[in-house]
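This briefing covers strand pairing, helix packing and aromatic contacts. Please read it alongside the sequence and the structure shown here.

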Amino acid sequence: MITIDYSKEPRRDILCIDVKSFFASVEAVKRGMHPLTAYIFVMSKPEENGGLVLAASPRVKQEYRIKTGSRRFETPKHSPIQIVEPRMGLYLKVNGFVFCKTFLHNRRCGHNLGQL
């Protein structure tokens, strides 16, 4: 059995934050909807039957049992759900904004939500 001496490895703190249905929440807010009550999910290749759900709003998860990893063919054909394609650049910008506001306590950090 191999034993590793971790005392010689660099130490650092890593913080992980789980933002509830982040991609779907960003898309809901950008469309003027409340992220917890919106009927929305983000899907890669929505035009294909095998398209993959990347994030679903809490309401969609609860009412339609759609979750991350669901396929297009598993989603309802006729529903009020908005299906949107991912905008990864936008999610990175919003994530940066949230980080700045949360951990830098409103100090200027180059992120302005109004520009997103």
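**Aromatic residues, helices and sheet**

Phe23 is partly exposed, since its relative accessible area is 21% and the buried class ends under 20%. The model is a predicted one.

**Aromatic pairs**

- Across the whole structure, a search finds three aromatic pairs.
- One of them joins Phe23 and Tyr91 in a stacked arrangement, with 4.3 Å from centre to centre and 15 degrees between the planes.
- This pair links distant parts of the chain, given that Phe23 belongs to helix 1 and Tyr91 to helix 3, 68 residues apart.
- Tyr91 has a relative accessible area of 2% and is therefore buried, whereas Phe23, at 21%, is partly exposed.
- Tyr39 and Tyr64 also form an aromatic pair, in this case edge-to-face, with 6.3 Å from centre to centre and 75 degrees between the planes.
- Because Tyr39 lies in the loop between helix 1 and strand 1 while Tyr64 lies in helix 2 (residues 58-64), the pair ties together parts that are 25 residues apart in sequence.
- Tyr64 has a relative accessibility of 28% and so counts as partly exposed.

**Packing of helix 1 on helix 3**

- Helix 1 and helix 3 (residues 88-103) pack with their axes 10 Å apart and at an angle of about 90 degrees.
- The two helices are therefore roughly perpendicular to each other, as angles of 65 to 115 degrees fall in that class.
- On the side of helix 1 the contact involves Phe22, Phe23, Val26, Glu27 and Lys30, which meet Met88, Leu90, Tyr91, Val94 and Asn95 in helix 3.
- Sorted by class, this contact of helix 1 with helix 3 holds seven nonpolar, one polar and two charged residues.

- Three strands make up an open sheet with mixed pairing, arranged in the order 2-1-3.
- Strand 2 (52-56) and strand 3 (82-84) stand at the edges with a single partner strand each, so one side of each is left without a neighbour in the sheet.
- On average, and with direction ignored, neighbouring strands of this sheet are turned by 35 degrees against each other.
- Strand 1 (residues 40-44) pairs with strand 2 in the antiparallel sense over four bridges, and Phe41 stands opposite Ala56 in strand 2.
- Helix 1 (residues 22-30) packs on the sheet, where it touches strand 1, strand 2 and strand 3, and its direction makes about 120 degrees with that of strand 1.

Technical notes:
Residues numbered from 1 in each chain as written. Predicted model: local features only at pLDDT ≥ 70, side-chain atom pairs only at ≥ 80, totals over all residues. Heavy atoms only, no water. Pairing = 2+ DSSP bridges. Axes fitted to C-alpha atoms, helices over the stretch in contact; angles between N-to-C directions. Contact = heavy atoms within 4.5 Å. Parallel < 35°, antiparallel > 145°, perpendicular 65-115°, else oblique. Nonpolar A, V, L, I, M, F, W, Y, C, P; charged D, E, K, R; others polar. Phe/Tyr/Trp six-rings, centres within 6.5 Å; stacked < 30°, edge-to-face > 60°. Buried < 20%, exposed > 50% of the residue type's maximum accessible area, 1.4 Å probe, protein only.
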